[in-house]
Amino acid sequence: MVQKPIIALDFPDRVYAEQFLNQFQDEKLFVKVGMELFYKEGTSFINWLKSKGHYIFLDLKLHDIPNTVYSSMKVLAGLGVDMVNVHAAGGSKMMEYALKGLEEGTPKEMERPKLIAVTQLTSTSEEQMQREQLIDRKLEDSVIHYAKLAFKAGLDGVVCSALEAGEISDATNKSFLKVTPGIRMIGDNSHDQSRIVTPSDARKLGSNHIVVGRSITQAENPMQAYERVKHEWELN
Ligand SMILES: O=c1ccn([C@@H]2O[C@H](COP(=O)(O)O)[C@@H](O)[C@H]2O)c(=O)[nH]1
């Protein structure tokens with residue numbers, strides 16, 4: 001799959017999203033559609049993105065009982081997106097059912113979307129995890145544990161911070177995807193993120209894909225910000 005930085009289209013509606021995308025003219029981008037935009041615009045916006053030739057990560061982070069996730073994935077499989085995800089905290093059985101739903105729901109002429117699992121959100125710090133999730137371990141231990149569960153369940157990879165990418169490769173295998181949000185250029189505002197890494201360090205640490213939102217979408221010149229991120233990411 002194409003390794004361009006994945007741009008998080010965190011916009012309230014398609015008018016904002018299309019205005020943003022129009023700046024890139026005919027460039028085929030890798031974009032992420034999250035809950036905000038999908039809940040507002042639904043599948044018609046996904047179809048529009050596809051008609052423009054963009055790669056799509058549909059970031060809905062499913063987390064429910066196995067049967068519900070199975071049936072929902074069966075539906076999402078028909079959308080023709082490139083990547084979807086679940087929360088690993090839903091457990092091994094839920095992840096296996098998610099994969100089964102995707103496999104059964106993908107039309108014969110399409111490729112099954114990659115399925116990845118969120119380990120610990122990049123906004124979560126070790127202190128918060130220990131206090132609120134009552135996990136009395138290092139944050140890396142929890143991330144690696146979830147990555148191993150996702151790997152065993154047959155998933156294609158995980159969402160993690162680039163800080164954990166190397167250890168995940170060692171615990172699974174090199175082709176297991178590490179998709180890493182929490183990306184910031186030096187000096188950028190970290191906002192609500194806790195585990196942040198630059199594009200260049202993410203590459204060095206072993207990320208396969210980086211996800212970048214506000215550093216691009218809220219920049220004074222989003223095109224220029226995207227080119228800077230892409231340059232750093234591709235250079236290393
Ligand atoms: O652990 C996670 C999982 C998903 N995200 C999503 O990525 C982007 C990051 O946006 P920034 O503006 O670059 O912080 C956003 O859509 C999150 O929902 C994540 O950050 N961490």
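# Questions on a predicted model

User: Between which helix and which strand is the loop that holds Gln-25?

Analyst: Gln-25 is a loop residue. Helices (H or I, at least four residues) and strands (E, at least two) are DSSP runs, numbered from the N terminus. Residues are numbered from 1 along each chain as its sequence is written. The loop with Gln-25 lies between helix H1 (14–22) and strand E2 (30–34).

User: Is Gln-25 buried or exposed?

Analyst: This is a predicted model, in which local features need pLDDT of at least 70, side-chain atom pairs count only at pLDDT 80 or more, and totals for chains, interfaces and linings use all residues. A residue is buried if 20 or more other C-beta atoms, placed from the backbone, lie within 10 Å of its own, exposed if 12 or fewer, and partly exposed in between. Gln-25 has 7 other C-beta atoms within 10 Å, so it is exposed.

User: What is the phi of Gln-25?

Analyst: Most residues other than glycine have a negative phi. Gln-25 is not a glycine, yet its phi is positive, at about 50°.

User: How far is the C-alpha atom of Asp-26 from that of Lys-52?

Analyst: Asp-26 also lies in the loop between H1 and E2. With 6 other C-beta atoms within 10 Å, Asp-26 is exposed. Lys-52 is 26 residues away from Asp-26 along the chain, and their C-alpha atoms are separated by 8.0 Å.

User: Which feature does UniProt place at Lys-61?

Analyst: Lys-61 lies in strand E3 (residues 55–62), and its phi is positive, near 45°. Lys-61 has 16 other C-beta atoms within 10 Å, so it is partly exposed. UniProt positions are given in the numbering used here, feature names are shortened, and annotations may be inferred rather than shown by experiment. In an unreviewed entry, UniProt lists Lys-61 as "active site".

User: Which residues are in contact with Lys-61, leaving aside its neighbours within four places in sequence?

Analyst: Two residues are in contact if their C-beta atoms, placed from the backbone, lie within 7 Å. With those sequence neighbours left out, the contacts of Lys-61 are Asn-85, Val-86, His-87 and Val-118.

User: Why is strand E5 largely enclosed by the rest of the structure?

Analyst: Strand E5 covers residues 114–118. It is largely enclosed because, of its five residues, the number buried is four.

User: Which residue of E6 is the bridge partner of Ala-117?

Analyst: Two strands pair if DSSP finds at least two bridges between them. Strand E4 (residues 83–87) runs parallel to E5 and is joined to it by five bridges, with Val-86 bridged to Ala-117. E5 also pairs in the parallel sense with strand E6 (residues 157–159), over three bridges. There the partner of Ala-117 is Val-158.
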